[in-house]
2 protein chains.
Amino acid sequence: MIKINLYFASRLGRANRFSKAMQRTDMHSIITSEYAVYFDMDAYQALNDHLDKITYSKIFVLVDENTRKNCLPLFWQSVNGSKSMQIVEIVSGEIHKNIETCLQVWNTLSDFDADRKSLLINLGGGVITDLGGFVASTFKRGIDFINIPTTLLAMVDASVGGKTGVDLGPLKNQIGVINQPEMVLVITDFLSTVEPRQLQSGFAEMLKHGLIQDAPYWEVLKKVSDFNGLDELIHRSVQIKNQVVIQDPTEQHLRKILNFGHTLGHAIESYFLESGSHELLLHGEAIAIGMVMEAYLSFRLTELPEDQLTDITDSFVNRYGKVEFSKEDIPQILSLLKFDKKNSHGNINFVLLDAIGSPRIDVQIPENLLMEAFTYYTEQ
Amino acid sequence: MIKINLYFASRLGRANRFSKAMQRTDMHSIITSEYAVYFDMDAYQALNDHLDKITYSKIFVLVDENTRKNCLPLFWQSVNGSKSMQIVEIVSGEIHKNIETCLQVWNTLSDFDADRKSLLINLGGGVITDLGGFVASTFKRGIDFINIPTTLLAMVDASVGGKTGVDLGPLKNQIGVINQPEMVLVITDFLSTVEPRQLQSGFAEMLKHGLIQDAPYWEVLKKVSDFNGLDELIHRSVQIKNQVVIQDPTEQHLRKILNFGHTLGHAIESYFLESGSHELLLHGEAIAIGMVMEAYLSFRLTELPEDQLTDITDSFVNRYGKVEFSKEDIPQILSLLKFDKKNSHGNINFVLLDAIGSPRIDVQIPENLLMEAFTYYTEQ
């Protein structure tokens with residue numbers, strides 16, 4: 001169900017527009033291949049400048065019930081007070097990241113006379129930015145959109161790269177396009193609205209950035225326990241992802257390294273989403289398991305030293321705990337692997353590590369080694 | 001409902017591969033901005049060369065019940081015999097050009113292990129090429145596709161330009177992306193499978209090409225009554241559309257001229273599709289009405305001479321007959337205008353003619369003149 005609420009930003013003052021932001025460390029904007037990621041104090045300024053420059057016929061803000069309640073008021077305080085915007089609300093949760101929800105949003109945009117010169121601002125976590133980006137990219141063959149990630153996961157992962165899309169049944173992100181937003185605003189104030197478990201989930205992607213590109217960064221990250229003051233680390237993570245994506249936007253080669261932990265992680269996440277019998281696993285929690293298992297595969301097949309395998313395993317198990325798999329779970333998880341978008345010609349390709357910071361792409365894994373990886377994880 | 005049939009092209013011989021094509025006039029391939037349109041004898045050669053060059057993991061052919069029966073056998077005769085392909089069948093008709101059908105095809109591709117290196121060949125009319133192009137462009141964020149239009153309308157309209165998409169309820173092509181196929185094959189042999197009424201419908205787009213770009217071509221076209229031997233005219237139409245699209249692929253300015261007749265035509269088509277009480281109007285039949293009305297607007301607002309208005313009106317009314325509108329129909333049709341993708345900021349922009357062959361874009365029309373245009377048409 002979509003509820004429509006009409007807000008008029010002009011009712012809200014612009015006081016405090018900079019006062020909050022000024023207390024923070026200033027971080028330079030990161031220019032991606034086609035658009036910019038703005039941080040904190042620069043972010044609202046960039047948005048307001050953009051809205052002054054481009055005359056949109058209508059502006060829509062996509063939220064869920066949580067970001068409407070927790071993030072929208074903060075957003076109103078700082079956005080250009082003269083613009084009126086319409087709020088489109090969808091129900092939160094990965095389970096709603098599907099074509100049915102897209103249909104609801106497309107119909108709502110249509111009912112409210114959105115046209116080709118309308119703008120969609122996606123204010124929320126990865127479900128909102130992925131789904132909203134897809135809806136905007138396909139509505140009347142593409143309207144402008146801006147992403148304002150409000151979760152740690154969305155800030156360090158969805159904010160750069162242009163991947164949009166939704167799930168197809170239990171299969172994640174099967175339907176989508178690569179398309180760039182007009183800009184991305186990373187406003188770390190929103191993290192105060194995110195639950196600790198969700199912060200930990202997002203942190204898994206940051207740990208991944210260390211593992212695939214930056215061993216010293218990994219050393220810093222693995223010791224982080226306080227999630228206040230993450231700003232500079234978030235900036236570093238966006239930088240790493242951006243450097244990778246700029247070199248290979250359509251994932252022909254280098255960009256594949258961002259999938260470390262995701263080949264098994266996605267299958268585990270899909271399986272937990274699909275089977276009613278398991279507790280829901282957050283994305284970061286699933287890829288944390290995936291990274292332990294793929295580190296094990298790296299130890300067995302590529303050159304990852306045993307002490308680094310132990311370091312990775314301990315770091316993740318201490319931080320995320322352990323998930324139990326039954327004997328029945330494992331073959332069902334493996335059967336989901338073939339749907340991973342990274343695969344082609346019936347082969348399953350993994351990203352492995354030669355060392356922390358040194359990834360290797362397109363490694364094929366014999367099925368018995370996959371079983372061993374599950375055994376390794378469960379024996380921790 | 002999607003039925004899956006597995007065919008193995010290798011069971012079919014390659015005899016006659018060139019014998020038919022050699023009887024035709026050879027026409028040069030038209031190179032578009034990003035891909036080529038191949039005609040007749042060149043077309044199968046180009047497809048076979050492509051399939052030899054690129055190793056696709058799987059090849060799917062999207063058909064409906066008509067093109068499976070009428071076009072697929074012809075296709076098999078000429079396609080590379082060593083490739084196996086899987087057939088995905090959807091139910092024919094504009095009414096099925098929607099997201100539900102996309103979901104069926106996405107799920108079928110997924111069930112049959114399509115991956116990023118798979119190819120979708122769209123064999124059919126505009127519904128198949130538009131919907132298939134959208135499905136391919138969004139499956140796993142985009143797989144290769146090839147269009148083989150089998151109707152006149154699809155050959156001269158859908159074959160160039162990269163517009164893909166589906167309808168949203170009664171609103172045509174509201175959901176889609178601009179994305180280019182690997183190649184387009186125009187094989188006029190397929191026209192022998194098309195009913196006369198459908199040929200006339202497609203011919204309306206060719207008449208439009210004359211009106212917007214080429215007065216001598218219009219003079220030739222308006223006298224055509226025999227639809228055998230259209231090959232060179234089809235080639236000319238593809239050329240005209242291509243010249244326009246190359247200069248403005250994303251429809252910022254020049255490409256808008258292709259919408260002549262479509263602003264009112266689309267609204268009329270949508271209305272007839274939506275209201276159960278009217279006979280279904282084919283696309284070309286609807287834009288034929290739209291072109292008469294927009295020619296009238298051109299006479300009133302721009303510089304179209306009266307004798308040219310009469311020429312246009314007579315040509316379309318003689319060819320397509322007249323459609324009756326009741327007093328209740330007209331306001332409902334006008335209310336659909338605002339959804340046209342060409343519109344923004346609440347204004348409705350028309351493409352009009354200063355003369356046959358000389359279009360003018362972005363003309364705004366007062367509502368009372370729209371009523372007059374309906375009156376003009378109904379009084380013919």
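Let's start inside chain A, where 28 residues of domain 1 touch 29 residues of domain 2. One caution before going on: this is a predicted model.

The largest share comes from α7(A), with five residues.

Step back to chain A as a whole. It has 15 helices and twelve strands. It is 380 residues long, and 51% of them count as buried. Next, the contacts between residues at least 6 apart in sequence. In chain A, 76% of these join residues at least 24 apart.

Is β9(A) mostly covered or mostly open? Mostly covered: five of its five residues are buried. Its pairing partner is strand β8, residues 166-168 of chain A. The two run antiparallel, with two bridges between them. Look for Val166(A), whose bridge partner in β9(A) is Ile175(A). The hairpin of β8(A) and β9(A) has two residues between the strands. One residue to look at here is Gly169(A), with a positive phi near 60°.

Take Asp40(A), which is not a glycine and has a positive phi of about 45°. It belongs to helix α2, residues 40-53 of chain A. Is Asp40(A) buried or exposed? Buried: there are 23 other C-beta atoms within 10 Å. The cut-off for buried is 20 or more.

Now Arg141(A). Its phi is near 65°, again positive and again not in a glycine. Where is it? Arg141(A) sits in the loop between α6 (126-138) and β7 (144-149) of chain A. Arg141(A) has 22 C-beta neighbours inside 10 Å, so it counts as buried.

For contrast, go to Glu367(A). You'll find it in helix α15, residues 367-378 of chain A. How far is Glu367(A) from Glu232(A) in sequence and in space? They are 135 residues apart in sequence, and 40 Å apart in space, C-alpha to C-alpha.

Over to chain B. Begin with strand β6, residues 119-124. Six of its six residues are buried, so β6(B) is largely enclosed by the rest of the structure. In a regular strand, side chains alternate between the two faces of the sheet. Which residues take which side here? Leu119(B), Ile121(B) and Leu123(B) are on one side. Leu120(B), Asn122(B) and Gly124(B) are on the other. Both faces are covered.

β6(B) also has strand partners. With β4, residues 59-64 of chain B, it runs parallel, joined by four bridges. Find Leu62(B) there: Asn122(B) of β6(B) stands opposite. With β7, residues 144-149 of chain B, the pairing is parallel too, over six bridges. Here Leu119(B) stands opposite Asp144(B) in β7(B). How does the chain get from β6(B) to β7(B)? It crosses through helix α6, residues 126-138 of chain B. This β-α-β crossover is right-handed.

Last stop: helix α9 of chain B, residues 215-222. Its buried residues are Tyr217(B), Trp218(B) and Leu221(B). Why do they share a side of α9(B)? They cover an arc of only 105° around the axis, which puts them on the same side. The general rule for helices is 3.6 residues a turn, so residues three or four places apart point the same way. What covers the buried residues of α9(B)? The cover includes α8 (196-213) and α10 (231-247) of chain B. Turn to the face away from the buried side. There you find the exposed residues Pro216(B) and Glu219(B).

In chain A, α7(A) gives five residues to the domain 1 side of the contact. In chain B, β6(B) is covered on both faces.

Note on methods. Residues numbered from 1 in each chain as written. Chains lettered and ligands numbered in written order. Predicted model: local features only at pLDDT ≥ 70, side-chain atom pairs only at ≥ 80, totals over all residues. Buried ≥ 20, exposed ≤ 12 C-beta atoms within 10 Å, placed from the backbone. Arc of directions from axis to C-beta. Contact = placed C-beta atoms within 7 Å. Pairing = 2+ DSSP bridges. Right-handed = clockwise from strand over helix to strand, strands pointing away.
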